[in-house]
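Please read the following account with the sequence and the model side by side.

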Amino acid sequence: MKKLQIGIYSTEPAWLENSREILEHYGENLKNNVEIHSFQNVSEMWGGVKWKYLHILFVDIQNDDNSEIEIVKKVNREWPVCQVVYVSDGFHHVMDAYETKHIYYILKEKFEEKLPCIMDKAIRQLKVCGSKEMAFQCHGGVIVRLKLDEIMYFERNLRVTNVVTREYRYIVDEKISEIEERMMSEDFVRCHSSFLVNFFYVKACTKKKLILKNGQVIDISRSYWGKAEKEYVQWVKKAIG
């Protein structure tokens, strides 16, 4: 599993600090395989994770103007796989919350107690959703959602990344390392600093090359020799049961 990117949004400094401490403590159970981001306003959230991605977002819902609801609507649009959890002092915003996609609405007083259940559900959902599709912001500002089984490979070329599918090529600014960071699928292998390849489209793998089913050959750089071949063998064994 990749490092989980967890966000906390609250306009209340005390709650922001308290919830962060609880999450950091829980992160020890995940061998610290988490990175936590705290946001006290909208500009911090969208500016602080530019070209990044949140896997899980805890939203302190307290304002009567539905500002938090609007934030989550944007999260649903731009980070569709992100698992949203509402926390609140009461249930007065429950009906508003159902206008958005979320997995939990929890009282603050129960937050620490229920966190293991929340995280378990969020991680399970991420594995299901993240192994099926991802969203990318292409040049021109268009956001596309692609099924992972349609993506042949990612190729970094100068300052852009080409997302190559069976029919189209999409251009994004996101680095391959950043795509890897938010990808929950085990069907892709990093074989080169410039390539991330989908095993489904690999016909054969040698120490130095990946041969795709369409005949294309992708070189495996020296630093990935052995590792890529080993991962391919493990993937094939798993695929055939």
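In this account a residue is called buried when its relative accessible area is under 20%, and exposed when that value is over 50%. The model is a predicted one. His 55, with a relative accessibility of 1%, therefore counts as buried. His 55 lies in the loop between α2 (42–48) and β3. Setting aside neighbours within four places in sequence, its contacts include Lys 3, Leu 4 and Gln 5, as well as Val 81, Cys 82 and Gln 83. Leu 126, Glu 181, Arg 182 and Met 184 are also in contact with His 55.

Strand β3 spans residues 56–60, and five of its five residues are buried. In a regular strand, side chains alternate between the two faces of the sheet. In β3 both faces are covered: Ile 56, Phe 58 and Asp 60 are buried on one side, and Leu 57 and Val 59 are buried on the other.

What strands pair with β3? Strand β1 (residues 4–9) runs parallel to β3 and is joined to it by four bridges. Strand β4 (residues 83–88) also pairs with β3 in the parallel sense, over five bridges. Leu 57 illustrates both pairings: Leu 57 is the bridge partner of Gly 7, and in β4 the partner of Leu 57 is Val 84. Together with helix α3 (residues 67–78), β3 and β4 form a right-handed β-α-β unit.

Strand β1 is likewise mostly covered, with six of its six residues buried. Leu 4, Ile 6 and Ile 8 are buried on one side of β1, while Gln 5, Gly 7 and Tyr 9 are buried on the other. β1 also pairs with strand β2 (residues 34–39) in the parallel sense, through six bridges. Within β2, Glu 35 is the bridge partner of Gln 5.

Helix α7 (residues 227–239) can be considered next. Its 13 residues reach 18 Å from the first C-alpha to the last, close to the 18 Å expected at 1.5 Å a residue. Ala 228, Tyr 232 and Trp 235 are buried in α7. Viewed down the axis of α7, its buried residues fall within an arc of 65°, so they line one face of the helix. These buried residues pack against β11 (188–192) and β13 (202–205). On the other side of α7, Lys 230, Lys 237 and Lys 238 are exposed.

The cysteines form no disulfides, the count being zero. Cys 191 is in no disulfide, and the nearest cysteine sulfur, that of Cys 205, is 8.5 Å away; a disulfide requires sulfur atoms within 2.5 Å. Cys 191 is buried, with a relative accessible area of 0%. Cys 82 also counts as buried, at 3% relative accessibility.

Where does Phe 136 lie? Phe 136 is placed in strand β6 (residues 133–137), and at 1% relative accessibility Phe 136 counts as buried. Not counting residues up to four places away in sequence, Phe 136 touches several residues, among them Val 142, Ile 143, Val 144, Leu 146, Ile 151 and Phe 154. Val 172, Glu 174, Ile 179 and Arg 182 are touched by Phe 136 as well. Lys 207, by contrast, is 71 residues from Phe 136 in sequence and 31 Å from it in space, C-alpha to C-alpha.

How values were computed:
Residues are numbered from 1 along each chain as its sequence is written. This is a predicted model: local features need pLDDT of at least 70, side-chain atom pairs count only at pLDDT 80 or more; totals for chains, interfaces and linings use all residues. Side-chain values use heavy atoms; hydrogens and water are left out. Buried means under 20% relative accessible area, exposed over 50%, partly exposed in between (1.4 Å probe, protein chains only). Helices (H or I, at least four residues) and strands (E, at least two) are DSSP runs, numbered from the N terminus. Two strands pair if DSSP finds at least two bridges between them. A crossover is right-handed if, with the strands pointing away from the viewer, the path from the first strand over the helix to the second runs clockwise. The expected span of a helix is 1.5 Å times one less than its number of residues. The arc is that of the directions from the helix axis to the C-beta atoms. Contact means heavy atoms within 4.5 Å.
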